[in-house]
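Student: I've got a fold open on my screen and I'd like to talk through some of its details. Can you walk me through a few?

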Amino acid sequence: LTGYLTLPSRRGSEPAPVVVRFSNGLWVRALAGFQAETRALAEMGVAVLEVNHRGIPGRGLEYWQAARGRPDEVAAEDVIAALDEHAKRGAIDPKRVAVIGWQFGGYLALRTLQLRPERFACGVVAEAPTDLDTWLNSSKRWTNPETRFRQATEEWFFGGDKEQLKKHSPLFHPGPIGRPALLMGDFARQTSMPTRFDEMRRKMLADADPIEHNAAGELLSLNVETGNYLAYESIRAFLDKHLGSKPR
């Protein structure tokens, strides 16, 4: 495994809480150099772990294909392996771990929280698909060759079978998450990412999950991709509450 661990600039003597940040897109890997989102999280007093888990591009065909049909499970396995290794070195606090992601990264964050809730304290999920079948079919209206090739590749990568897609969709997970989750999106308008967050939120409330929402009892309607200040203020308050991540 490869990846990056960014430590907070202001640290105490104890190991730092850590946020696992998944890459935003399906065809995106963790990148070296300055990353605005990573820096913003580190300034909140947390270490930021970015893992090039199996299924990401840029590591060869075999590495990418290793996640076919179960990208969520493979990502969770690799992230936990990376957490365990860094915990042995004393760099992070393994008992204070959150997951965060936008779009497809948000999907992986939510699924990791569902698959291994005992390893994580909370999660932040923004503009993420919760139903893979709906997501994969939403872009079929585009007909240019490049997009159609990408669609065919995505269908192959996820397996294509509707029951298989349902099995790996957060919306149809059989049990409650059992961990606080901050769902961030804008379902008051049509977005390019069919999140079905309204249904996901109803399911979480019905399952008695500790879902986080704003004072109006709705999803946080924020433009998280353009560095919306309120979005990051909400994330900061959420992490401080569940990780104790105030900068020292």
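**Aromatic contacts and a helix**

Tutor: Trp 27 comes out at 33% relative accessibility, so this residue counts as partly exposed. Keep in mind that we're looking at a predicted model.

Student: Is Trp 64 buried or exposed?

Tutor: Look at its relative accessibility, which is 13%. The cut-off for buried is under 20%. So Trp 64 counts as buried.

Student: How many aromatic pairs does the structure hold, and is the pair of Trp 27 and Trp 64 stacked, edge-to-face or tilted?

Tutor: The count is 10 aromatic pairs. For Trp 27 and Trp 64, the ring centres are 5.9 Å apart and the planes meet at 50 degrees. Stacked needs under 30 degrees and edge-to-face over 60, so this pair is tilted.

Student: How many residues apart in sequence are the parts that this pair ties together?

Tutor: Trp 27 sits in the loop between β2 (16–21) and α1 (36–42), while Trp 64 belongs to helix α2 (residues 61–65). Both also join a cluster linked by ring pairs, with Phe 104 and Trp 135 among the other members. The parts tied together by the pair are therefore separated in sequence by 37 residues.

Student: Which ring does the charged end of Arg 59 sit over?

Tutor: There are charges over rings here, including Lys 166, whose charged end is 5.3 Å from the centre of the Phe 172 ring. For Arg 59, the distance to the ring centre is 4.5 Å, and the ring is that of Tyr 63.

Student: What does helix α3 reach from its first C-alpha to its last?

Tutor: α3 covers residues 71–88, which is 18 residues. At 1.5 Å a residue, 26 Å is expected, and the model comes close to that. The reach is 26 Å.

Definitions and conventions
Residues numbered from 1 in each chain as written. Predicted model: local features only at pLDDT ≥ 70, side-chain atom pairs only at ≥ 80, totals over all residues. Heavy atoms only, no water. Helix = DSSP H or I, 4+ residues; strand = E, 2+ residues; numbered from the N terminus. Expected span 1.5 Å × (residues − 1). Phe/Tyr/Trp six-rings, centres within 6.5 Å; stacked < 30°, edge-to-face > 60°. Buried < 20%, exposed > 50% of the residue type's maximum accessible area, 1.4 Å probe, protein only. Lys NZ or Arg CZ within 6 Å of the ring centre and 35° of its normal.
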